[in-house]
Amino acid sequence: MHTVAVLSLKGGVGKTTVALGIASAALRRGTRTLVVDLDPQGNATTSLDPPYTDATLADVLETPTRAMLERAIAPSVWSEDVDVLVGAEELELLNDPDADPERLANFSRALDELHREPLRETPYELVILDCPPSLGRLTKSALVGADSALIVTEPTMYAVAGAHRALEAIEKIRKELNPQLRPIGVLVNKLRVRSYEHQFRIAELRENFGSLVMPTAITDRLAVQQAQGACSPIHEWHSPGAQEIALTFNMVLAKILRSNRAGRHRIAGEEAEGPDWPEGPAPETPEAPAEVSESAG
């Protein structure tokens with residue numbers, strides 16, 4: 001079971017879009033997946049539209065037992081192979097910026113329960129943590145429990161600064177609380193390929209983050225909002241823009257699954273690998289196709 005935290009310390013960069021895109025790619029691949037909605041806004045829960053549960057992640061964070069997990073996890077409307085650990089507005093009340101390590105470890109204990117005794121016959125192969133855009137208890141808990149972290153950013157000045165803060169947070173948690181944690185990459189979202197400003201910011205990201213910058217980016221397409229509004233995986237949204245983005249998420253998922261450094265949740269018999277990015281500058285982003293109009297999706 002590999003657990004990846006999807007985070008950004010700036011709101012509005014499309015972090016939930018990326019988390020759902022990875023889940024969609026996992027569904028297409030046949031990878032049993034759990035999406036954990038740590039954002040009090042609950043957008044991932046809304047898009048996955050699970051049936052009503054009488055408990056939520058807020059309850060799990062306070063009582064990380066198997067019985068509570070059974071009450072808070074439900075199948076998504078997408079498929080029985082994609083489950084949701086349901087989020088709630090009450091999570092905001094738990095988002096203490098100075099939570100002690102014992103409370104930060106509660107979520108990791110819940111993941112241990114899922115790994116030790118799966119809820120169903122088929123265990124989760126991938127757990128995706130959709131983090132809020134702040135560095136409080138919720139994001140820190142995710143980083144303590146995760147094996148890897150994917151930073152999402154827009155190619156704008158403030159988002160680049162948020163990516164810096166996110167990487168610093170990952171390094172701090174790795175040193176102090178979770179030595180198995182590693183940054184898996186920086187993914188650029190909402191790219192407009194003909195924007196000079198966006199190209200400038202991507203160059204800035206490469207200069208600052210080197211090979212952590214992923215060689216693929218998510219282009220700005222109306223199809224993303226359309227699919228989410230319809231509670232549909234992006235891989236099942238049939239438009240040229242959706243299919244382009246779906247291919248990118250396939251590559252992002254492949255990079256996540258290539259990382260076998262799954263910490264305490266590594267599948268028995270797997271050997272940990274080192275980082276799968278090379279030393280030196282990041283690879284060039286392939287030339288993206290020309291932008292299409294919004295009506296094309």
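Helices (H or I, at least four residues) and strands (E, at least two) are DSSP runs, numbered from the N terminus. The model is predicted, with residues numbered from 1 along each chain as its sequence is written, and side-chain values use heavy atoms, with hydrogens and water left out. Local features need pLDDT of at least 70 and side-chain atom pairs count only at pLDDT 80 or more, while totals for chains, interfaces and linings use all residues.

Q: How many helices and strands does the protein have?
A: There are 11 helices and seven strands.

Q: What makes the seven strands a sheet, and in which order do they lie?
A: Two strands pair if DSSP finds at least two bridges between them. The seven strands form an open sheet with the order β3-β4-β2-β5-β1-β6-β7 and mixed pairing. Neighbouring strands in this sheet are turned against each other by 25 degrees on average, direction ignored.

Q: Why are β3 and β7 called edge strands?
A: β3 (73-75) and β7 (182-188) each have a single partner strand, so one side of each has no neighbour in the sheet.

Q: How do you know that β2 pairs with β4 and β5, and in which sense?
A: Four bridges join β2 (residues 33-37) to β4 (residues 82-85), and five bridges join β2 to β5 (residues 126-130). Pairing needs at least two bridges, so β4 counts as a partner of β2 and β5 does as well. β2 runs parallel to β4 and parallel to β5. Thr 33 stands opposite Val 82 in β4, and Val 36 stands opposite Leu 129 in β5.

Q: What makes β1 a partner of β5 and β6?
A: β1 (residues 2-7) and β6 (residues 148-153) pair in the parallel sense over four bridges, and β1 pairs with β5, also in the parallel sense, over five bridges. Towards β6, Ala 5 has Ala 149 as its bridge partner and Val 6 has Leu 150. Towards β5, Val 4 stands opposite Ile 128.

Q: Why are β1 and β2 called mostly covered?
A: A residue is buried under 20% relative accessible area, exposed over 50% and partly exposed in between (1.4 Å probe, protein chains only). In β1, six of six residues are buried; in β2, five of five are.

Q: Which residues cover the two faces of these strands?
A: In a regular strand the side chains alternate between the two faces of the sheet. In β1, His 2, Val 4 and Val 6 lie on one side and Thr 3, Ala 5 and Leu 7 on the other, all buried. In β2, the buried residues are Thr 33, Val 35 and Asp 37 on one side, with Leu 34 and Val 36 on the other.

Q: What share of the protein is buried?
A: Buried residues make up 57% of its 297 residues.

Q: Why are α7 and α8 called oblique?
A: Axes are lines fitted to C-alpha atoms, for helices over the stretch in contact, and angles run from 0 to 180 degrees between N-to-C directions. Angles under 35 degrees count as roughly parallel, over 145 as roughly antiparallel, 65 to 115 as roughly perpendicular and the rest as oblique. α7 (residues 137-145) and α8 (residues 157-176) pack at about 55 degrees, with their axes 10 Å apart. The pair is therefore oblique.

Q: Which residues bring α7 and α8 together?
A: Contact means heavy atoms within 4.5 Å. Lys 140, Leu 143 and Val 144 in α7 meet Ala 169, Ile 170 and Ile 173 in α8. By class, this contact has five nonpolar, no polar and one charged residues (Ala, Val, Leu, Ile, Met, Phe, Trp, Tyr, Cys and Pro count as nonpolar, Asp, Glu, Lys and Arg as charged, and the others, Gly among them, as polar).

Q: Is Ser 141 buried or exposed, and what does this residue touch?
A: Ser 141, in helix α7, has 0% relative accessibility and therefore counts as buried. Leaving aside neighbours within four places in sequence, Ser 141 is in contact with Arg 103, Leu 104 and Phe 107.

Q: Where is Pro 50, and is this residue buried or exposed?
A: Pro 50 is in the loop between α2 (43-48) and α3 (57-62). Its relative accessible area is 14%, so Pro 50 is buried. Apart from neighbours within four places in sequence, its contacts are Thr 45, Ala 74, Pro 75, Val 84 and Val 86. Trp 78 is 28 residues away along the chain, with 8.9 Å between the C-alpha atoms of Pro 50 and Trp 78.
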